Protein chains: 2
Amino acid sequence: MRSKDVSLSNFCLIIEYDGSGFLGWQKQKEGRTVQGVLEEVLERIFKKKIEVKGQGRMDAGVHALGQVANFFAPWNHSLSQLKTALNSFLPEDIRIREVKRVSPSFHSRFSALSRTYIYLLWEGENFPVFLRNYVSRISQKLNLSLMKKGAVYLLGRHDFTSFSKKGEKGSKVRTLKEIDIFRRKKISLPCGEWRGSFLLFRFKADSFLHQMVRIMVGTLVEVGRRKIAPERIREILSSRDRTQAGPTFPPQGLYLVEVEYEEF
Amino acid sequence: MRSKDVSLSNFCLIIEYDGSGFLGWQKQKEGRTVQGVLEEVLERIFKKKIEVKGQGRMDAGVHALGQVANFFAPWNHSLSQLKTALNSFLPEDIRIREVKRVSPSFHSRFSALSRTYIYLLWEGENFPVFLRNYVSRISQKLNLSLMKKGAVYLLGRHDFTSFSKKGEKGSKVRTLKEIDIFRRKKISLPCGEWRGSFLLFRFKADSFLHQMVRIMVGTLVEVGRRKIAPERIREILSSRDRTQAGPTFPPQGLYLVEVEYEEF
């Protein structure tokens, strides 16, 4: 018996990050990515290369309140010590919110039951300067009740080819479980309050295709502008043609909020 | 009578800006400043050089909700058209909140009756990644009631030499009219809420010396850490010696909130 040996455990991280300074999640040959920065820090802590598996890729500029990733490593101290070690090496635009020990079969991507995203969109005037990397913006106010009508057609199990980046491989069938749109008239920041109007979109699905949320938002905005009728969404879905849907909205309003798992 | 002539008016701007991307207010030979960017935009609109006078210099990284500046120019359209013209040329990190026509004798600096600043300071854990340019941070929680006791000694008319950047010229006598410190346990951002603890300091004075707010905060934090007694503030003031006060706290928690004038 070699009691000093530390066997490998599977650790899961809940990660908050500001996407403004990253080329997204996935490691690339050049450029700063969240996965790349995390793996550098794990190598400093564990003195060896450790692969971090994320729940999914995220585009440049997209933010996360609850990105999930997992990795196998030896660690014979407490979970809170691991969290402290990670946060002390990580730059200020990535924070580990939680570290959990999970079963060996847990995989942040394949074990996920659902993902929830929000999208923030400022309508019209009085846009706070402090939000330019955190909220998208359009110049006019939208018709919210038309957008809500249109959103209903997206709910359920569909082939979302029309709402995904062209050229993506694999099945395009996804189940959109929840979709909400709220309008708020007041925005609070620590330094003050702004009157104005902004929309908060919330989407929950088993999983999302590449750019799916940003294209759904772009299409719902066309509905809110009365450029297309709410019922048109059904036809866009059945066309399975990306060119039928609206534009891909910018990444800075998009946040991954939560990923659900059976284990926690 | 030359009815088409447009005589010069004195215009006053209320300006919101994100200090993160500026070397401060004042024009410099090199580097991006708020005054520099504003004067470039005015030159584009009026086709001639126009000097903008600010209510005071502001350091790099300091933010403004209500910076005030004025300039003389010919303009025969409405004030709201001038505001729209300015905002359409200005970058997204500067927004004109209001344009007023003021009397010829109005000077944004010399006519000001008071200035109000706030300073935001996060205490301890759970710092949201989205606030790293907008809120300062310390690692431990402070004793708020000691800080409030210490703050009282700063109120009133004093020589604030100990609380100003060394080498500054002119009178160091200022009147600190109001000082408040609040603690909040919840921070709201458009994308979510964070539990934690942060302090909001609010200072109102006839005017402030260079770095005066940041040195007052640094000194009050020493009191909150129990490194110095609240009563010590009185001695620091009377010493007229910068080295007696606490450190100059970082600029990113500091916001110019409001400047008061008799005219409006």
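Residues are numbered from 1 along each chain as its sequence is written, while chains are lettered from A and ligands numbered from 1 in the order in which they are written. Because the model is predicted, local features need pLDDT of at least 70 and side-chain atom pairs count only at pLDDT 80 or more, whereas totals for chains, interfaces and linings use all residues.

View 1. Two copies of a chain are related by a rotation about an axis and a shift along it.

**View 2. The side of chain B that touches chain A.** In this interface 24 residues of chain B are in contact with 24 residues of chain A, two residues being in contact if their C-beta atoms, placed from the backbone, lie within 7 Å. At least two residues each are supplied to this side of chain B by strands E1 (8–17), E4 (94–102), E5 (112–123), E8 (173–189) and E9 (192–205), and the largest share, three residues, comes from E8(B). Helices (H or I, at least four residues) and strands (E, at least two) are DSSP runs, numbered from the N terminus. By class, the side of chain B that touches chain A holds 16 nonpolar, two polar and six charged residues, where Ala, Val, Leu, Ile, Met, Phe, Trp, Tyr, Cys and Pro count as nonpolar, Asp, Glu, Lys and Arg as charged, and the others, Gly among them, as polar.

**View 3. Domain 1 and domain 2 of chain A.** Chain A is divided into domain 1 (9–102) and domain 2 (113–261), with bounds that come from an automatic or database domain assignment. The C-alpha centres of these domains of chain A lie 27 Å apart, and the contact takes 15 residues from domain 1 and ten residues from domain 2. The side of domain 1 of chain A that touches domain 2 of chain A comprises six nonpolar, eight polar and one charged residues.

**View 4. Helices H1 and H2 of chain A.** The axes of H1 (residues 34–46) and H2 (residues 79–89) of chain A come within 10 Å and cross at roughly 120 degrees; axes are lines fitted to C-alpha atoms, for helices over the stretch in contact, and angles run from 0 to 180 degrees between N-to-C directions. H1(A) and H2(A) are therefore oblique to each other, given that angles under 35 degrees count as roughly parallel, over 145 as roughly antiparallel, 65 to 115 as roughly perpendicular and the rest as oblique. A:Val41, A:Arg44 and A:Ile45 in H1(A) meet A:Ala85, A:Leu86 and A:Phe89 in H2(A), a contact with five nonpolar, no polar and one charged residues.

**View 5. Helices H3 and H4 of chain A.** The axes of H3 (residues 144–152) and H4 (residues 212–224) of chain A come within 8 Å and cross at roughly 130 degrees, and H3(A) and H4(A) are therefore oblique to each other. From H3(A) the contact is made by A:Leu144, A:Leu146, A:Met147, A:Gly150 and A:Ala151, and from H4(A) by A:Leu220, A:Val223 and A:Gly224. The residues of this contact divide into six nonpolar, two polar and no charged.
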